[in-house]
Amino acid sequence: MAGGPTGHTNGMGLDSAPSPTLAPHTDTDQPRRALANIRAYVGHRMVASDFPLDDVPAHLREPDSAVWIDLCGPSPAQLAELAARLGLHELAVEDALQQRQRPKVDRYATHEFANVYAAWLDPRTCRLRTSELAAFVTKNVLVTVRKDDRFDIDQVVRRWDAQEDLPGNQVAVLLHGLLDFVVDGHYQVVQDLDERIESLEDAVFDERGPQEDVQRLSFQLRKSLVNLRRISAPMREVLGALMHRDRRIAESQLLPYFEDINDHVLRATEWADSLRDLVTTILDTRLAVQSNRLNIISKKVTSWAAIIAVPTAITGFYGQNVPYPGFSAASGVIVSSALIVLASLVLYVIFRRKDWL
């Protein structure tokens, strides 16, 4: 299909994509409601911000210029209007509007499309929270589309401002800062999960603590690790695509910086895999501890039942209405009482030596 994607490739191809031409638009009220941030750069220096979309063509006419446009929760009509201005492909626009897309990089004739997830851990419930972001990338325009306002774009902006000295194309520098923020968030989640798992290890052998909470937390931690790997592992493909030799997004000057992000992705993924195995081991250990405790309790109950059974047998024997040694005499009471005490003591000593009591 003409104008369609050239393939879901591992690359960005910014240099081969033509620069977007913003079509003139008279009605700008609707897109401005979704417009959260906008910046213009010349080189690596920001020259303007918070200006109308209609001023974007003027900024792009500057040499070595770039523009960042940020939308938060746009409606289909709002994003379609911006897509018409920038010449964005309808399939990429559809992916940007849909929820729960896989982290990926898709290449189109005039632009590139990326989808990533920011993640953080709820400290109270240990649930993994995520926020999805889509990005349209051209040679001199970066458009970010946040599905909700939970994605902390202000942190990304502060990271960009602190890395003004990075070399390379400004859009590539902005994309690097965005991916660096996302991957660092994944790594921080793994660290937080590791700390919670350490505390969980101590709770497994704490007989005084509520074991139901231990089991519930174990399953929640494992679920969070599985969900984290679901959004973190595909980032290896995303970074691999950006660093592909026949693509130009990770230029030679920026390649070490993208490789550093890729290293963090690998470390976070491997760490999450090891923690998931550790949580499984903790669950198995908890079941083994419970089984051991049950065996100990069973032995104690059985031992006390045996001790109680002996006096019951003796008193039952002496309760018969037939003559026996000491029948209807005080000596019978003394002998039976002595037998009860002696037999119970003997059984108690035997069970203690066997560690049943």
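Helix α7 contributes the most to the lining of the largest pocket, giving six residues. This is a predicted model, in which local features need pLDDT of at least 70 and side-chain atom pairs count only at pLDDT 80 or more, while totals for chains, interfaces and linings use all residues. Residues are numbered from 1 along each chain as its sequence is written, and side-chain values use heavy atoms, with hydrogens and water left out.

The volume of the largest pocket is about 560 Å³. Its lining has 20 residues, and Arg100, Tyr117, Thr130, Asn227 and Ile231 are the closest to the pocket centre. Two or more lining residues come from each of β6 and α7 (211-232). By class, the lining holds four nonpolar, seven polar and nine charged residues. Here Ala, Val, Leu, Ile, Met, Phe, Trp, Tyr, Cys and Pro count as nonpolar, Asp, Glu, Lys and Arg as charged, and the others, Gly among them, as polar. A pocket is an open set of points on a 1 Å grid over the protein atoms alone, where a 1.4 Å probe fits, with protein on both sides within 12 Å along at least five of seven lines; lining residues have an atom within 4 Å of a point. The volume is the space filled by probe spheres set on the points, which are joined across faces, edges and corners.

Strand β7 (residues 141-146) has six of its six residues buried, where buried means under 20% relative accessible area with a 1.4 Å probe, protein chains only. Val141, Val143 and Val145 lie on one side and Leu142, Thr144 and Arg146 on the other. In a regular strand, side chains alternate between the two faces of the sheet. Helices (H or I, at least four residues) and strands (E, at least two) are DSSP runs, numbered from the N terminus. Two strands pair if DSSP finds at least two bridges between them.

| β3 (residues 65-72) | parallel | six | Ile69 |

β6 and β7 form a hairpin, with three residues between them.

Phenylalanine 181 belongs to helix α6 (residues 170-204). The residue is buried, because its relative accessible area is 16%. Leaving aside residues up to four places away in sequence, Phe181 touches Ala118, Phe151, Asp152, Gln155, Val156 and Arg159; contact means heavy atoms within 4.5 Å. Ala118 is 63 residues away along the chain, and the two C-alpha atoms are 8.1 Å apart.

Conventions: Buried < 20%, exposed > 50% of the residue type's maximum accessible area, 1.4 Å probe, protein only.
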